[in-house]
Amino acid sequence: MFMKRKEGFNAINRLGRNRTPFLFILSYDKRKIFVQPLEKLDDDIFYKLEDWRNYPVKKREKDFTFSKHPTDLFTYQKAMEKIREEIRSGNTYLLNLTFQTPVESSFTLEEIFTYARAKFKLYFKGEFICFSPERFVEIEDNTIATYPMKGTIDADLPDAKESILSNEKEMAEHVMIVDLMRNDLGIIGKDVKVEKFRYVDRIKAGDKELLQVSSKITATLPPDWHGQIGTLLDKITPAGSITGTPKKRTMEIIDEVESYDRGFYTGIFGVFDGKNLRSGVMIRFIEEKNGQMLYKSGGGITIDSDAQSEYNELADKIYLPF
């Protein structure tokens, strides 16, 4: 079912070259790649990428239960202090630290997927779902655009928008990710531009709302990009917003610090419709293993990060968006 890295990206190149519409799913480490033409897509895979979807809309008509059991603050602080040591040593400047949290719900994975409100959603064979607010890249004509998302705050806090936009730590974190994504697009395209810098979206997060800060960066691709989709994706993944900077060394530190395998969490999924491409970052992610639901979440750590605030952000991101 899953292909290895080289085989998977070659399959993506081949389908793109033939202008065959397909779905692709890349794990965080790209060791597992799923690729399938849309006309042959398995009937237990559902996707939504803004207004592209392959399942009917259903209105939630019953109540549900949801509970979460995040890791304790002490465990989080220990992991964060390891990262701060690496930052002080100059090995990383920003690292996206994540944890997995056991959760329980009266809804199944498929029910959560169906009713969740999000721009980018994926249900994969009863194994995992995501309901992500974050685009990765979209390609229209010969223009590629990416939308790194970095910065989250509770929308109900006083002057929340002004607070997050004026926060120096959040600004530094966002600038680093924008710079990283500019460099990534520069590897595969020309005329790289930051078209929008630090705009704010409102995201429904269970019984509260979050404000999230994003930017838009574009570049121009060669006219034959359709036949190189796999090659292009390989060069710019994983997404900088869920790794950190510098990307290669930061990923090595993530492997040392995090106590679990991310798997498909923080990977990428998308659809090529034969002409254009859309994709999302697989955050807001729930996996089911041996009957236990595991919700994976995290946030960016810099030298100025406060452990309690970052821990609260990790917990705030564990929700069902109904």
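Start by selecting Lys 208, which lies in strand β13 (residues 208-220). Helices (H or I, at least four residues) and strands (E, at least two) are DSSP runs, numbered from the N terminus. The model is a predicted one, in which local features need pLDDT of at least 70 and side-chain atom pairs count only at pLDDT 80 or more, while totals for chains, interfaces and linings use all residues. Residues are numbered from 1 along each chain as its sequence is written, and side-chain values use heavy atoms, with hydrogens and water left out.

**Around Lys 208**

Lys 208 has a relative accessible area of 22% and is therefore partly exposed. On this scale buried means under 20% relative accessible area, exposed over 50%, and partly exposed in between (1.4 Å probe, protein chains only). Now display the contacts of Lys 208, leaving aside its neighbours within four places in sequence: they are Asp 154, Asp 156, Ile 203 and Asp 316. Contact means heavy atoms within 4.5 Å.

**Helix α7**

Select residues 247-257, helix α7, and colour its buried residues: Lys 247, Thr 250, Met 251, Ile 253, Ile 254 and Val 257. These residues are on the same side of α7 because they cover an arc of only 160 degrees around the axis. The arc is that of the directions from the helix axis to the C-beta atoms. Turn to the other side of α7 to find Lys 248, Asp 255 and Glu 256 exposed.

What do the buried residues of α7 pack against? Show α2 (73-88), β6 (94-105), α5 (168-188), α6 (229-236) and β14 (244-245), which are their partners.

Keep α2 and α7 on screen. Their axes come within 11 Å and cross at roughly 150 degrees. Axes here are lines fitted to C-alpha atoms, for helices over the stretch in contact, and angles run from 0 to 180 degrees between N-to-C directions. The angle makes α2 roughly antiparallel to α7. Angles under 35 degrees count as roughly parallel, over 145 as roughly antiparallel, 65 to 115 as roughly perpendicular and the rest as oblique. The crossing of α2 past α7 is right-handed; a crossing is left-handed if the near helix is turned anticlockwise from the far one by less than a right angle, and right-handed if clockwise. For the side chains, pick Ala 79, Lys 82, Ile 83 and Glu 86 of α2 with Arg 249, Ile 253, Glu 256 and Val 257 of α7, which make the contact. By class, this contact of α2 with α7 has 4 nonpolar, no polar and 4 charged residues. Ala, Val, Leu, Ile, Met, Phe, Trp, Tyr, Cys and Pro count as nonpolar, Asp, Glu, Lys and Arg as charged, and the others, Gly among them, as polar.

**Helix α6 and its partners**

Next, show α5 with α6. The axes of these helices come within 9 Å and cross at roughly 150 degrees, which makes α5 roughly antiparallel to α6. The crossing of α5 past α6 is right-handed. Where they meet, α5 contributes Asp 184, Ile 187 and Ile 188, and α6 contributes Leu 232, Lys 235 and Ile 236. The contact of α5 with α6 divides into 4 nonpolar, no polar and 2 charged residues.

Select Arg 5, Phe 9, Ile 12, Asn 13 and Gly 16 in α1, which meet Ile 229, Gly 230, Thr 231, Leu 233 and Asp 234 in α6. The contact of α1 with α6 has 4 nonpolar, 4 polar and 2 charged residues.

**Backbone stops**

Most residues other than glycine have a negative phi, and most peptide bonds are trans. The remaining stops depart from that.

- Thr 237 and Pro 238 are joined by a cis peptide bond with omega of about -5 degrees; Pro 238 is in the loop between α6 and β14.
- From Thr 245 to Pro 246 the peptide bond is cis, with omega near -5 degrees; Pro 246 is in the loop between β14 and α7.
- Arg 19 has a positive phi, near 60 degrees. Look for Arg 19 in the loop between α1 and β1 (22-26); at 43% relative accessibility, Arg 19 is partly exposed.
- Asp 159 also has a positive phi, near 50 degrees. Asp 159 is in the loop between β11 (149-154) and α4 (160-166), and at 59% relative accessibility Asp 159 is exposed.
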